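I opened this notebook to keep a record of what I looked up, one entry at a time. The sequence and the structure come first, and my entries follow.

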Amino acid sequence: MLAVADLPGGFPMPIFIANMAAALLIGVMSALTIPGGVIGPGGKLLLTTGIMGGLSTFSSFIWATDQMLDNPVEQASAVVYLVLSVVAGFLLVESGLWLGGSLRRT
Amino acid sequence: MNDPVAVVLVFVGGAGGSAIRWLVGLGVGEHRKDSTFPLGTLLINVSGAFVMGFLSTFFYVDWKDRHGSYLTAFVLTGVLGGYTTFSSYQLDTANLYNIGKRGWALYYCVGSVVAGLLAAALGAITAKLLR
């Protein structure tokens with residue numbers, strides 16, 4: 001968050017980047033940690049629940065949206081932020097699952 | 001990385017918050033093999049949103065000022081950031097979708113956001129009444 005700045009209009013770029021990166025990576029790791037996979041249950045707990053869960057945040061995502069919706073100047077950014085986070089996050093997890101599945105088969 | 005104390009506070013808070021999330025998840029039983037609906041993550045994220053709205057409003061923390069003080073770094077960014085999770089929320093949605101439970105995936109996906117927004121607003125209202 002220190003390295004990435006908010007965009008004009010209030011779009012919280014740092015949280016967005018962190019959540020999108022975590023969504024892609026949790027997909028990859030989830031695909032690599034299914035039973036019989038490359039990484040065991042302990043590694044799965046560390047990588048998905050621990051590190052990706054720690055990297056991503058739901059509370060800051062929701063609170064930023066809530067506060068932006070209260071400010072008429074930022075309402076448009078709020079809607080874009082909300083919809084984009086949910087849709088892009090879903091697509092990134094699916095991409096990650098696919099990528100991880102491909103890696104596992106190689 | 002210009003303030004090592006803040007980095008350590010976020011690190012420790014985040015680790016603690018993540019451990020609490022894992023324990024709550026176990027308690028709610030989301031790791032049971034017969035439960036497909038991720039109730040634990042839903043409750044965690046919605047309760048985390050409530051606490052975030054409450055504390056930010058109670059202590060007058062501007063949401064854009066995430067690097068404001070050590071307390072903000074530890075509690076809001078660290079503990080609550082570690083406690084709540086966006087990645088597991090999206091993974092749960094994708095898993096429901098991929099096993100063919102598309103209706104549940106949609107309810108969970110949209111329901112988490114709607115319930116989270118309402119909980120955060122409720123937290124803020126509660127804080128205004130109390131302070």
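How many helices and how many strands are there in chain B? I looked this up before anything else, keeping in mind that the model is predicted, and I found 5 helices and 0 strands in chain B. Reading along the sequence, I wrote the pattern of chain B down as α-α-α-α-α.

**Entry: chain B as a whole**

I then looked up the extent of chain B, and its C-alpha atoms fill a box of roughly 45 × 35 × 25 Å along the principal axes. Chain B has 131 residues, of which 47% count as buried. I also looked at contacts in chain B with a separation of 6 or more, and 71% of these are accounted for by residues 24 or more positions apart.

**Entry: H4 and H5 of chain B**

Next I turned to helix H4 of chain B, residues 87-98, and helix H5 of chain B, residues 102-130, whose axes come within 7 Å and cross at roughly 160°. Since an angle over 145 degrees counts as roughly antiparallel, H4(B) and H5(B) are therefore roughly antiparallel to each other. I noted that H4(B) passes H5(B) in a left-handed crossing. On the H4(B) side the contact is made by Tyr89(B), Asp92(B), Thr93(B), Leu96(B) and Tyr97(B), while H5(B) brings Arg102(B), Trp104(B), Ala105(B), Tyr108(B), Cys109(B) and Ser112(B). Sorted by class, this contact of H4(B) with H5(B) has 7 nonpolar, 2 polar and 2 charged residues.

**Entry: H2 and H5 of chain B**

How do the axes of H2(B) and H5(B) cross? Helix H2 of chain B covers residues 39-58, and its axis and that of H5(B) come within 7 Å and cross at roughly 30°. H2(B) and H5(B) are therefore roughly parallel to each other, and their crossing is right-handed. I counted the classes here as well, and the contact of H2(B) with H5(B) has 17 nonpolar, 7 polar and 1 charged residues.

**Entry: where the chains touch**

The contact between the chains takes 34 residues from chain B and 33 residues from chain A. Which elements give two or more residues to the side of chain B that touches chain A? I found helix H1 (4-28), H2, helix H3 (70-83), H4 and H5 of chain B, and H4(B) gives the most, with 7 residues. The residues of this side of chain B divide into 15 nonpolar, 16 polar and 3 charged.

Ser59(A), Ile62(A), Trp63(A) and Asp66(A) of H3(A) make the contact with Gly48(B), Ala49(B), Met52(B), Gly53(B) and Ser56(B) of H2(B). These residues divide into 4 nonpolar, 4 polar and 1 charged.

**Entry: H2 of chain A**

Last I checked helix H2 of chain A, residues 41-55, which at 1.5 Å a residue should span 21 Å for its 15 residues, and its end C-alpha atoms are 20 Å apart, which agrees. In H2(A), I listed Thr48(A), Met52(A), Gly53(A), Gly54(A) and Leu55(A) as buried. The buried residues of H2(A) pack against helix H1 (13-32) of chain A, together with H1, H3 and H4 of chain B.

Methods. Residues numbered from 1 in each chain as written. Chains lettered and ligands numbered in written order. Predicted model: local features only at pLDDT ≥ 70, side-chain atom pairs only at ≥ 80, totals over all residues. Axes fitted to C-alpha atoms, helices over the stretch in contact; angles between N-to-C directions. Helix = DSSP H or I, 4+ residues; strand = E, 2+ residues; numbered from the N terminus. Parallel < 35°, antiparallel > 145°, perpendicular 65-115°, else oblique. Left-handed = near helix turned anticlockwise from the far one by under 90°. Contact = placed C-beta atoms within 7 Å. Nonpolar A, V, L, I, M, F, W, Y, C, P; charged D, E, K, R; others polar. Buried ≥ 20, exposed ≤ 12 C-beta atoms within 10 Å, placed from the backbone. Expected span 1.5 Å × (residues − 1).
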